[in-house]
Structures are given as C-alpha cells and as structure tokens.
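Visitor: I am new to this structure and would like to learn how to read it. Please show it to me and take me through its features in turn.

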Amino acid sequence: MRAAFPDFRLGNVLATSFTGTLSERHGDAVERIPTPQRLIDWLAVNGLAVDSCTTAQLDLARELRESIHAAATAAAIQDPLPAPAVRIINDCSAQGRAAAILTPEGERQWRLSSASCVEDALSVIAADAISIIAGERDGKLALCASPTCRAAFFDTSQSRTRKWCDMNTCGNRQKKARFHANQRNRTRSAE
C-alpha cells in the first residue's frame, strides 16, 4: 500500500468492508479509494484482483458503495430500502461475470472473468450485500455507535450487541474519550 493513503479498514464481510472505504461520514470524511489505482489495491487485498480501473469504473464503485451503505443503514434501522440503492445494487450484481470456486483448503474464492474487470469484482461485492441485507447470513446489520462514523457493519458476535464498526478505531476512540473525560472530572473534583 502507498504510504500517502490511509490504511484500509478490513473486516470479515466484503460488502460492509467496501462501505468502509469511506469512513467518518458524519465528521471529517476519510476517502480510502481516492484514485482508480487505490480501488485496484483494495480489490486485490480482498481477493478480487483486476487488471485496470478507469475513472468511470471508480465512479461506479463509489456509487455501489454508497448504495450498499444506504440500503444497509435502512435495513439496520428497519426502514424501507431506498429504491435507487436497490436498483444500483441489483444492476451491479447482474452485470459481472464471476464464479465461486472451492480451494483445496475448503474455502470459497472468487474467479473473475479472464479479462478481469472492475464490473466483475463489483458484482461479487453487490451479491455479498444482497445476501446480508436479505438476511440470508447468520448475523445482523448494525450501525456504529460513534456519532462521527455511523458505518453499517455486520454483527456476527454471539450476542449480536456489538457497538462499533471497528474496535481498533471507533471503539478505541470512544473509550479514550470516556477515559479522558473521567480524568478531567476527577481532577475537578479534587480541586
């Protein structure tokens, strides 16, 4: 990864990890795929290597990302799914040529078409989004408790009560803020 860009926030669920390429949506937004090359990098890290990416394909990827975020957010708060977001997710899912294959280690991997293109990778991400939004997987969509983040994430914890999209970033930031507030209160009380 190039040092000039923020690190990718990787999770166990492809679709919500993809929405995490834009974080701090309600604060100082952090764009993790600002260039076509950076999208290529993210796709490769997630097992969806493509040969190239145009600016138009990057725009399509961002449109899919925001559609997944909108639909996942609606599903998490049990609102109706936004029709434009559903249309974009379905269109991206239908336009790609990807196949699930089984590795010798017993894991699923995606094989893109021979001329690996961004649309093939986006179809895999869209299909993953469909499976979690439709409730086909064991877990629950939730929103990060951080007021500046509010990222949609897929909670697979046993109790389904996870509060943060990522404990190492949002959760840690909130714990630090609480700790410092308690320290200030103790200092004021001692005076």
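Guide: Of the 191 residues in the protein chain, 40% are buried. Buried means under 20% relative accessible area, exposed means over 50%, and partly exposed lies in between (1.4 Å probe, protein chains only). This is a predicted model, in which local features need pLDDT of at least 70, side-chain atom pairs count only at pLDDT 80 or more, and totals for chains, interfaces and linings use all residues. Residues are numbered from 1 along each chain as its sequence is written, and side-chain values use heavy atoms, with hydrogens and water left out.

Visitor: Which helices and strands make up the protein chain, and in what order do they run?

Guide: Helices (H or I, at least four residues) and strands (E, at least two) are DSSP runs, numbered from the N terminus. The protein chain has 6 helices and 6 strands. Their order from the N terminus is α-β-β-α-α-α-β-β-α-β-β-α. The C-alpha atoms fill a box of roughly 70 × 40 × 35 Å along the principal axes.

Visitor: How do I check the span of a helix such as H3?

Guide: The expected span is 1.5 Å times one less than the number of residues. H3 has 22 residues and should span 32 Å; because its end C-alpha atoms are 31 Å apart, the two values agree. After H3 comes Gln-78, with a positive phi near 60°. For H5, with 16 residues, the reach from first to last C-alpha is 22 Å, close to the expected 22 Å. Gly-135 follows H5 and has a positive phi, near 80°.

Visitor: Is His-69 buried or exposed?

Guide: His-69 lies in helix H3 (residues 55-76). It counts as buried because its relative accessible area is 11%. Contact means heavy atoms within 4.5 Å. Leaving aside residues up to four places away in sequence, His-69 touches Thr-19, Arg-25, Arg-150, Ala-151 and Ala-152. By comparison, Arg-188 in helix H6 (residues 167-190) counts as exposed, at 54% relative accessibility. The C-alpha atoms of Arg-188 and Asp-41 are separated by 49 Å.

Visitor: How are two packed helices described?

Guide: The description uses the angle between their axes and the distance between the axes. Axes are lines fitted to C-alpha atoms, for helices over the stretch in contact, and angles run from 0 to 180 degrees between N-to-C directions. H3 and H4 pack at about 130°, with axes 8 Å apart. Angles under 35 degrees count as roughly parallel, over 145 as roughly antiparallel, 65 to 115 as roughly perpendicular and the rest as oblique. H3 and H4 are therefore oblique to each other. Residues of H3 including Leu-60, Leu-64 and Ile-68 meet residues of H4, among them Ala-85, Ile-88 and Cys-92.

Visitor: How many residues are in the largest nonpolar core?

Guide: A nonpolar core is a set of buried Ala, Val, Leu, Ile, Met, Phe, Trp, Tyr and Cys residues joined through side-chain atoms within 4.5 Å. The largest here has 38 residues, and Phe-18, Leu-39, Leu-64 and Ile-125 have the most contacts inside it. Elements giving two or more residues to this core include H3, helix H4 (83-95) and helix H5 (118-133). H5 gives the most, with 9 residues. Apart from this core lies another, of 8 residues, with Ala-142 and Trp-164 among them. H5 is mostly covered, with 14 of its 16 residues buried.
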